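This report describes one protein model in plain terms.

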Amino acid sequence: MKVTRIGEAPAYQAPEHYDMAMVRLQGHEASETAAMWAGLSHLLPGGHTSLKASPHEKIYVVIAGEVTIGNGEEEAVLGPLDSCVISRGEARKLENRGKLPATVLLVMEKG
């Protein structure tokens with residue numbers, strides 16, 4: 001068992017993520033995992049990612065605030081405890097269009 005305390009979770013940067021702060025909860029530099037990793041992202045108002053596809057399946061769970069998630073064809077506004085899965089190869093963009101920060105839990109396949 002490996003516990004990661006939020007105060008000890010390592011920060012990381014991801015390409016094409018703007019006005020966002022991210023920490024790794026499990027996997028990569030936080031702990032050894034075989035198939036997946038988990039991160040927590042804080043999006044400031046106006047914070048967003050680029051619309052980009054990935055070869056990895058992703059699950060997003062909004063913890064606080066509202067986040068708009070789109071795939072270039074459709075989009076949905078997610079609130080607290082709403083979730084979304086992005087399939088392998090599917091483009092995705094996250095955006096905080098609100099006036100308050102938003103927090104998102106990400107669970108993603110390792111690659």
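Two strands pair if DSSP finds at least two bridges between them. Strands (E, at least two residues) and helices (H or I, at least four) are DSSP runs, numbered from the N terminus. The model is predicted, so local features need pLDDT of at least 70 and side-chain atom pairs count only at pLDDT 80 or more, while totals for chains, interfaces and linings use all residues. Residues are numbered from 1 along each chain as its sequence is written, and side-chain values use heavy atoms, with hydrogens and water left out.

**Strand β10**

Strand β10 pairs in the antiparallel sense with two strands named here, as the table shows.

| Partner of β10 | Bridges | Residues standing opposite |
|---|---|---|
| β3 | eight | His-42 and Thr-103 |
| β5 | six | Lys-58 and Met-108 |

Six of the eight residues of β10 are buried, which leaves the strand mostly covered. Here buried means under 20% relative accessible area, exposed over 50%, and partly exposed in between (1.4 Å probe, protein chains only).

**The largest pocket**

A pocket is an open set of points on a 1 Å grid over the protein atoms alone, where a 1.4 Å probe fits, with protein on both sides within 12 Å along at least five of seven lines; lining residues have an atom within 4 Å of a point. The largest pocket holds about 370 Å³ of space, a volume being the space filled by probe spheres set on the points. It is lined by 22 residues, and those closest to its centre are Ala-14, His-17, Lys-58, Arg-92 and Met-108. Elements giving two or more residues to this lining include β3 (36-49), β5 (58-64) and β10 (102-109). Strand β2 supplies the largest share, four residues.

**Leu-78**

Leu-78 is found in strand β7 (residues 75-78). Leu-78 counts as buried because its relative accessibility is 8%. Leu-78 and Val-61 are 17 residues apart in sequence, and their C-alpha atoms are 8.3 Å apart in space.

**Arg-97**

Arg-97 lies in the loop between β9 and β10. Its side chain makes a polar contact with the side chain of Glu-75 at 2.9 Å, and another of 3.1 Å joins the side chains of Arg-97 and Glu-95. A polar contact is a pair of N or O atoms within 3.5 Å; within protein, one must be able to donate a hydrogen and the other to accept it, and residues adjacent in sequence count only if both atoms are side-chain atoms.
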